[in-house]
Amino acid sequence: GRAGWRAFARSRKPSAASMREIVHVQAGQCGNQIGAKFWETIAAEHGIDAQGNYVGDSDLQLERANVYFSEAAGGRYVPRAVLVDLEP
């Protein structure tokens with residue numbers, strides 16, 4: 001029942017040690033335009049510039065950047081995303 005679902009949901013909450021990773025999927029012209037703005041916002045919130053460099057000033061920003069970004073060579077952060085263009 002409902003009580004069982006709440007217990008399951010509480011047991012599934014991530015702890016700081018097991019933070020989740022998100023893969024963002026966007027498709028088509030509209031999806032890609034909205035997705036581009038989404039990534040601008042997420043990058044700014046996490047202190048990451050347009051080249052993927054961390055320029056923030058908070059340890060918390062950097063700690064949580066791995067939810068949306070993968071760390072690549074040279075310490076640069078790359079969005080974890082799949083972009084699909086539907087035009088031929």
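Okay, housekeeping. Residues are numbered from 1 along each chain as its sequence is written, and side-chain values use heavy atoms, with hydrogens and water left out. Since we're on a predicted model, local features need pLDDT of at least 70 and side-chain atom pairs count only at pLDDT 80 or more, while totals for chains, interfaces and linings use all residues.

So, confidence. pLDDT is the predictor's confidence in each residue, from 0 to 100. The chain has a mean of 83, with 78% of its residues at 70 or more. Where is confidence lowest in the chain? That's helix α1, residues 2–11, with a mean of 54, whereas strand β3, residues 77–79, is highest at 94. Helices (H or I, at least four residues) and strands (E, at least two) are DSSP runs, numbered from the N terminus.

Now the loop between α2 (28–45) and α3 (59–64), where you'll find H46. Is H46 buried or exposed? Buried, at a relative accessible area of 10%; the cut-offs are under 20% for buried, over 50% for exposed and partly exposed in between, with a 1.4 Å probe and protein chains only. Leaving out residues up to four places away in sequence, H46 touches Y54, Q61, R64, A65, Y68 and F69. Contact here means heavy atoms within 4.5 Å.

G52 sits in the loop between α2 and α3 too, and G52 counts as buried at 4% relative accessibility. With the neighbours up to four places away left out, G52 touches G75, R76 and Y77.

On to the rings. How many aromatic pairs does the structure hold? Four. Rings of Phe, Tyr and Trp (its six-membered ring) pair if their centres lie within 6.5 Å; planes under 30 degrees apart are stacked, over 60 edge-to-face, and the rest tilted. W39 and Y68 are edge-to-face, 6.2 Å centre to centre with 85° between the planes. W39 lies in helix α2 and Y68 in the loop between α3 and β2 (69–71), so this pair ties together parts 29 residues apart in sequence. Both residues, W39 and Y68, are buried.

W39 also pairs with F69: the centres are 5.5 Å apart and the planes at 70°, so that's edge-to-face. That pair links distant parts of the chain, helix α2 with W39 and strand β2 with F69, 30 residues apart. F69 is buried, as is W39.
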